[in-house]
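Please look over the sequence and the structure shown here before reading on. The briefing that follows begins with one definition and then moves through the structure topic by topic.

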Amino acid sequence: MIEIENVHKSYGSLEVIKGVTMQVEKGEVVSIIGGSGSGKSTLLQCINGLEPIQKGHIRVDGIDVHAKGTDLNKLRRKIGIVFQQWNAFPHLTVLENVTLAPRKVLGLSAREANEIAEKHLVHVGLGDKLKVMPSRLSGGQQQRMAIARALAMSPDYMLFDEVTSALDPQLVGEVLDTMRMLSAEGMTMIVVTHEIRFAREVSNRVAFFHKGLIHEIGAPEEVIGAPKKPETIDFLKSVL
Ligand code: ADP
Ligand code: MG
């Protein structure tokens with residue numbers, strides 16, 4: 001599980017996370033919603049150990065991410081992360097892009113890595129694109145390739161940071177469907193998203209971020225369906 005305990009995070013003198021506490025249980029899908037600049041991406045970066053924190057703790061399967069001596073490379077293998085945009089290596093095929101990390105980081109043979117990459121590419125609906133160059137893929141297909149690439153490392157957790165925000169509206173659905181499938185398979189996920197309907201349908205819990213704090217967290221029917229705080233109500237009005 002992921003345990004976030006009273007986390008404070010600043011960039012220089014700018015405090016962007018001001019005491020956030022939440023847990024994500026195995027198999028749970030927690031969506032994070034909230035306005036731009038509220039600290040959502042920063043929190044994901046902290047969970048992955050890409051950013052230091054000034055106070056509090058983040059534990060992944062009991063391992064304190066920011067403790068001295070924590071093997072961050074080992075930790076990051078547990079956690080797949082997909083961003084708004086991922087720049088694939090343009091001179092490598094889709095399959096080669098997905099086999100790269102399993103070969104270099106996990107030390108798999110070309111054959112093993114190909115097998116795993118192909119399995120995940122088929123799973124996200126790109127079985128007919130293995131030999132294609134990434135530039136030939138649509139935005140939605142590129143995001144599904146990015147998901148396959150993360151899955152090829154066999155992560156225990158998946159973090160998604162606005163993975164559909166840069167997509168044309170007609171391509172959003174295919175990426176959300178892929179995430180829906182992962183959640184149905186029991187993947188533990190933290191999903192930063194503006195897709196409120198998706199958050200409502202797929203999440204076990206929703207957290208509303210505002211100015212570096214969680215203002216509401218709970219079942220989607222509560223936080224999205226019957227928000228209590230004026231900040232949440234205003235935010236939902238602005239996006240729904
Ligand atoms: P969100 O993802 O909710 O839009 P972010 O976590 O990206 O918010 O940003 C939170 C705040 O931290 C913003 O004010 C942003 O400008 C600032 N910020 C983000 N990344 C950095 C950085 N690397 N250095 C300095 N300030 C940053
Ligand atoms: Mg962000």
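A residue is called buried if 20 or more other C-beta atoms lie within 10 Å of its own C-beta atom. With that cut-off in mind, strand S3, which covers residues 29–34, can be described as largely enclosed by the rest of the structure, because six of its six residues are buried. The model is a predicted one, and the points below should be read with that in mind.

**Overall shape and content**

- The protein contains nine helices and ten strands, and buried residues make up 41% of its 240 residues.
- A compact globule with 240 residues would have a radius of gyration near 18 Å, and the protein agrees with this because its own value is 18 Å.
- Along its principal axes, the C-alpha trace spans about 50 × 45 × 30 Å.
- Among the contacts between residues at least 6 apart in sequence, 62% join residues that are at least 24 apart.

**The six-stranded sheet around S3**

- In a regular strand, the side chains alternate between the two faces of the sheet.
- In S3, Val29, Ser31 and Ile33 point one way while Val30, Ile32 and Gly34 point the other way, and all of these residues are buried.
- S3 belongs to an open sheet of six strands, arranged in the order S6-S7-S8-S3-S9-S10, in which the pairing is mixed.
- Strand S6 (79–82) and strand S10 (213–218) stand at the edges of this sheet, and each has a single partner strand, so one side of each is left without a neighbour in the sheet.
- From one strand to the next, the twist averages 15 degrees.
- Helix H6, made of residues 169–184, packs on this sheet and touches S3, S7 and S8, and its direction makes about 150 degrees with that of S8.
- On one side, S3 runs parallel to strand S8 (residues 188–192) and is joined to S8 by four bridges, with valine 192 as the bridge partner of isoleucine 32.
- S3 also pairs in the parallel sense with strand S9 (residues 205–210), over five bridges, and here isoleucine 32 stands opposite alanine 207.
- S6 and strand S7 (residues 157–161) pair in the parallel sense as well, over four bridges, and tyrosine 157 in S7 is the bridge partner of isoleucine 79.

**The four-stranded sheet**

- Strands of a sheet pair through backbone hydrogen bonds, either parallel or antiparallel.
- Another open sheet is formed by four strands in the order S2-S1-S4-S5, and its pairing is antiparallel.
- The edge strands of this sheet are strand S2 (14–24) and strand S5 (63–64), each of which pairs on one side only.
- Strand S1 (residues 2–11) is joined to S2 by eight bridges, the two strands running antiparallel; isoleucine 2 stands opposite valine 24, and tyrosine 11 stands opposite leucine 14.
- The hairpin of S1 and S2 has two residues between the strands, and glycine 12 takes a positive phi near 60 degrees there.
- S1 also pairs in the antiparallel sense with strand S4 (residues 55–60), over five bridges, and in S4 the bridge partner of isoleucine 2 is valine 60.

**Helix H3 and valine 98**

- In helix H3 (residues 94–104), the buried residues are Val94, Leu95, Glu96, Asn97, Val98, Thr99 and Pro102, and they pack against helix H4 (110–123) and helix H5 (139–151).
- Valine 98, which lies in H3, counts as buried because it has 31 C-beta neighbours inside 10 Å.
- Leaving aside its neighbours within four places in sequence, valine 98 is in contact with Ala117, His120, Leu121, Met145, Ala148, Arg149 and Ala152.
- Valine 98 and leucine 151 are 53 residues apart in sequence, while their C-alpha atoms are 9.1 Å apart in space.

**The surroundings of ligand 1**

- Ligand 1 is surrounded by Tyr11, Val16, Gly34, Ser36, Gly37, Ser38, Gly39, Lys40, Ser41 and Thr42.
- By class, this shell has two nonpolar, seven polar and one charged residues.
- The largest share of the shell, three residues, comes from helix H1, which covers residues 40–47.

Methods
Residues are numbered from 1 along each chain as its sequence is written. Chains are lettered from A and ligands numbered from 1 in the order in which they are written. This is a predicted model: local features need pLDDT of at least 70, side-chain atom pairs count only at pLDDT 80 or more; totals for chains, interfaces and linings use all residues. A residue is buried if 20 or more other C-beta atoms lie within 10 Å of its own, exposed if 12 or fewer, and partly exposed in between; C-beta atoms are placed from the backbone. Two strands pair if DSSP finds at least two bridges between them. Two residues are in contact if their C-beta atoms, placed from the backbone, lie within 7 Å. The radius of gyration is taken over C-alpha atoms; the globule rule is 2.2 Å times the number of residues to the power 0.38. A residue is near a molecule or strand if its C-beta atom, placed from the backbone, lies within 6 Å of it. Ala, Val, Leu, Ile, Met, Phe, Trp, Tyr, Cys and Pro count as nonpolar, Asp, Glu, Lys and Arg as charged, and the others, Gly among them, as polar. Axes are lines fitted to C-alpha atoms, for helices over the stretch in contact, and angles run from 0 to 180 degrees between N-to-C directions.
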